[in-house]
Amino acid sequence: MIAWTGKKTVEGVTYAADILFLSYLAFKELLSPARRGRHEALRGIARQILFTGVDALPIVAAIALMLGLIVIIQAGIALPQVGAGAFLANIVVVALVRELGPLLTAFIVVGRSGTAMCTELGNMKVGQEVAALEAMGISVVRFLVMPRMVGAIVAITCLTVFFDLVAVIGGFLVAKVTLTIPFLVYLGEIEQALSIADVVITVVKSALFGLTIAVICCHHGLAVVGSSTEVPQQNSRAMLNTVAACLVVDIIVSVGFYV
Amino acid sequence: MSEAVIELDHVSASEGILEHVEDFSLTVHRGEAVALVGSNRSGKGLALKLCAGLGEPSAGSVRVLGVDPVSASAEAVLQLRRRVGVVFAKPALVSNMSVYDNVALPLRYHAALTEAALHGRVMACLAECGVDLFHDHFPGGLAMGDARLAALARALVVEPDILIVDEVLFGLDADELIRFRGLLGKYRREKGLTIVVSINAPTALFTLMDRLALMRDGRLVALCPPAEAARVDDPMVRDFFGNN
């Protein structure tokens, strides 16, 4: 038992070190002054933003609208019953903007783009494409990991802002069917409840989620050795580890800023 | 004798449980064409990787263009990679890029060319390899032979000093093999390209080679000109050339 615990601990620490090291290498490539391959890197970033951000807008809008509706209806009905009807905006800001918005957006991105990144890189490993890049003297981190990381950070940050807007405003407009509070009053209360710090922390959190998702999924994709059967295995590991890592990041940021 | 560009000195290495080389020595000189010949799992694939400076030996030493890829600095290894073109057994073209972008990729990373100059060079190389018609296709839509010719174009476009081709016959039909052979011969003749290939069956390509390195079980059985290879007294060689 002790040996098993020790082995798992060492594996966990090694895994975390690998992820941090890959993040470091990706940031190093991002800040590298080398001009060569910039065109390809920019193209990779644009492609990642398009796939992770723009293409995900409809599904994010739908989920945000439904979640906003649920939270606002539940809070709008339950809070007046305990004499706390005036706190609807505060609940919406705390639940949707601070927590559910960034976290659910991250989970959508994990399911859509994280798995795609892992599968794509895994298949590239199997097809010797990664070996060919190395043989050509092209940095795999610069060509494959860094653009995905930057693209995911930009896309998920924008998606989270979009999610929050749709959930807070769209959710209310739909919930208005059962609620009596006027829209402008609601907006005024949201404005009062929402601080600049909330917006900044949400953006920071989203950026960290983007970094976490991209680096972990790329790590697992590149961990495929040579068989196509490894791709789905690495994919499911990437999914679970990314969701767990996002929750850890969320706790760290929330405790760090709000406690 | 011209300078040695690849020097493998008593090298041992392994990859997985099936592929290994034992006490393997080979020196290839500039402009020479050498084929590593043997059946599957004879170790020729790994030996070829070592010739490209890609593998890491467990014993012995490797020098490619005067650089020891294991102990050299990252910059020296990068410079080495730019001078060695590698064509893998699988075409290994980047699947989400067109054939044109695949061939342009090493130039975009390693050459300071304007987009117009790059376009001219890439299209000329694609035309030379006979795959210019597919320049806007993605690798997934190509036949294996065309994909391998596109991979050859990607390796040649940077005008390397050494060309390494793994399983040179794989996926090529008769016409494509003739084209492949013609290209290797032309680059060797006109640009002094050093060529090292691996081959797992007797082929007309042998006539292009200066020497054959016959391999069995990770070891070098014989190193001789193609004309003498069939006379080597070894059971594997006899089987290989159908002399049994």
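Predicted model: local features only at pLDDT ≥ 70, side-chain atom pairs only at ≥ 80, totals over all residues.
Colleague: Which residues of H3(B) and H4(B) make the contact?

Modeller: H3(B) contributes B:Val99, B:Tyr100, B:Val103, B:Ala104, B:Leu107 and B:Arg108. From H4(B) come B:Glu115, B:Leu118, B:His119, B:Arg121, B:Val122, B:Met123 and B:Leu126. Divided by class, this contact holds 9 nonpolar, 1 polar and 3 charged residues.

Colleague: What makes H4(A) roughly parallel to H8(A)?

Modeller: Helix H4 (residues 88–126) and helix H8 (residues 196–222), both of chain A, pack at about 20°, with axes 8 Å apart. Angles under 35 degrees count as roughly parallel, so H4(A) receives that description relative to H8(A). The crossing of H4(A) and H8(A) is right-handed, and the residues of their contact comprise 16 nonpolar, 6 polar and 5 charged.

Colleague: Why does B:Asp23 count as partly exposed?

Modeller: The relative accessibility of B:Asp23 is 42%. Buried requires a value under 20% and exposed a value over 50%; B:Asp23 lies in between and is therefore partly exposed. B:Asp23 is placed in strand E2 (residues 19–29) of chain B, and its phi is near 45°, a positive value in a residue other than glycine.

Colleague: How do you know whether B:Glu167 is buried or exposed?

Modeller: B:Glu167 has a relative accessibility of 17%. The cut-off for buried is under 20%, so B:Glu167 counts as buried. B:Glu167 sits in the loop between strand E6 (162–165) and helix H6 (174–191) of chain B; phi of B:Glu167 is near 45°, again positive in a residue other than glycine.

Colleague: Which residues have the most contacts inside the largest nonpolar core?

Modeller: They are A:Leu133, A:Phe143, A:Tyr186 and B:Leu105, in a core of 74 residues. Helix H6 (residues 140–175) of chain A gives the most to this core, with 18 residues. Apart from it lies another core, of 51 residues, including B:Val131, B:Leu156, B:Tyr187 and B:Val237.

Colleague: What does A:Tyr186 touch?

Modeller: Leaving aside residues up to four places away in sequence, A:Tyr186 touches A:Ile72, A:Leu88, A:Val92, A:Val168, A:Phe172 and A:Ile181.

How values were computed
Residues numbered from 1 in each chain as written. Chains lettered and ligands numbered in written order. Heavy atoms only, no water. Core = buried A, V, L, I, M, F, W, Y, C linked by side-chain atoms within 4.5 Å. Buried < 20%, exposed > 50% of the residue type's maximum accessible area, 1.4 Å probe, protein only. Helix = DSSP H or I, 4+ residues; strand = E, 2+ residues; numbered from the N terminus. Contact = heavy atoms within 4.5 Å. Nonpolar A, V, L, I, M, F, W, Y, C, P; charged D, E, K, R; others polar. Axes fitted to C-alpha atoms, helices over the stretch in contact; angles between N-to-C directions. Parallel < 35°, antiparallel > 145°, perpendicular 65-115°, else oblique. Left-handed = near helix turned anticlockwise from the far one by under 90°.
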